[in-house]
Every structure is written in C-alpha cells, then in structure tokens.
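Let us take a walk through this model together, starting with its pocket and moving on to its sheet and one of its loops.

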Amino acid sequence: MGKDKNEHAEVVAIGPGKPTITGEFIKTQLQVGDTVILPTMGFTKLEHEGEDYYVGPENQVLAKVKSN
C-alpha cells in the first residue's frame, strides 16, 4: 500500500459534457492536448497498438498541469 503513483497523461479525446440531475448541461472543461494527473484507481486502462490509454470521467481527474 502506498506504492502506487498517480499517472500524468495527455488528453487525446473528450466528450461534449454531461447533464446534471436538474437537467442543466455542463460542458467539458478539459481540452485535447491538456496534461492532467490521474488518480491511482478509478480509470480504465486500455492498451492499443503499444500505447496505454486511460478512460474515465472528467470529474475524477485530480489536476490539470499548467504549462509555462
């Protein structure tokens, strides 16, 4: 326990957003090309053509890394 490290990843695709329980639509805040930090659990890891991809909801992304 405590040996897992959070993954840094580049966003390669996004969805349009999602509706709330009240019907309001919240647009996706992340953009393709953003660098983010993912949690150690919760995202689905997929391997495709030798690359690892993580699929999960935007609200579980821990942070967006700001580039200089």
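**The largest pocket**

The largest pocket holds about 650 Å³ of space. A pocket here is an open set of points on a 1 Å grid over the protein atoms alone, where a 1.4 Å probe fits, with protein on both sides within 12 Å along at least five of seven lines; lining residues have an atom within 4 Å of a point. The volume is the space filled by probe spheres set on the points, which are joined across faces, edges and corners. Of its 24 lining residues, Ala13, Phe43, Tyr54, Gly56 and Glu58 are the closest to the centre of the pocket. Strand S6 (51-55) gives the largest share of the lining, four residues.

This is a predicted model, in which local features need pLDDT of at least 70 and side-chain atom pairs pLDDT 80 or more, while totals for chains, interfaces and linings use all residues. Residues are numbered from 1 along each chain as its sequence is written, and side-chain values use heavy atoms, without hydrogens and water.

Now for the sheet. Three strands, in the order S1-S4-S7, form an open antiparallel sheet; strands are DSSP runs of E, at least two residues long, numbered from the N terminus, and two of them pair if DSSP finds at least two bridges between them. Strands S1 (7-10) and S7 (63-65) are at the edges. S4 (residues 35-38) pairs with S7 over three bridges, and Ile37 stands opposite Ala63 in S7.

Finally, look at Thr22, in the loop between S2 (17-19) and S3 (25-27). Thr22 and Gly33 are eleven residues apart in sequence and 31 Å apart in space, C-alpha to C-alpha.
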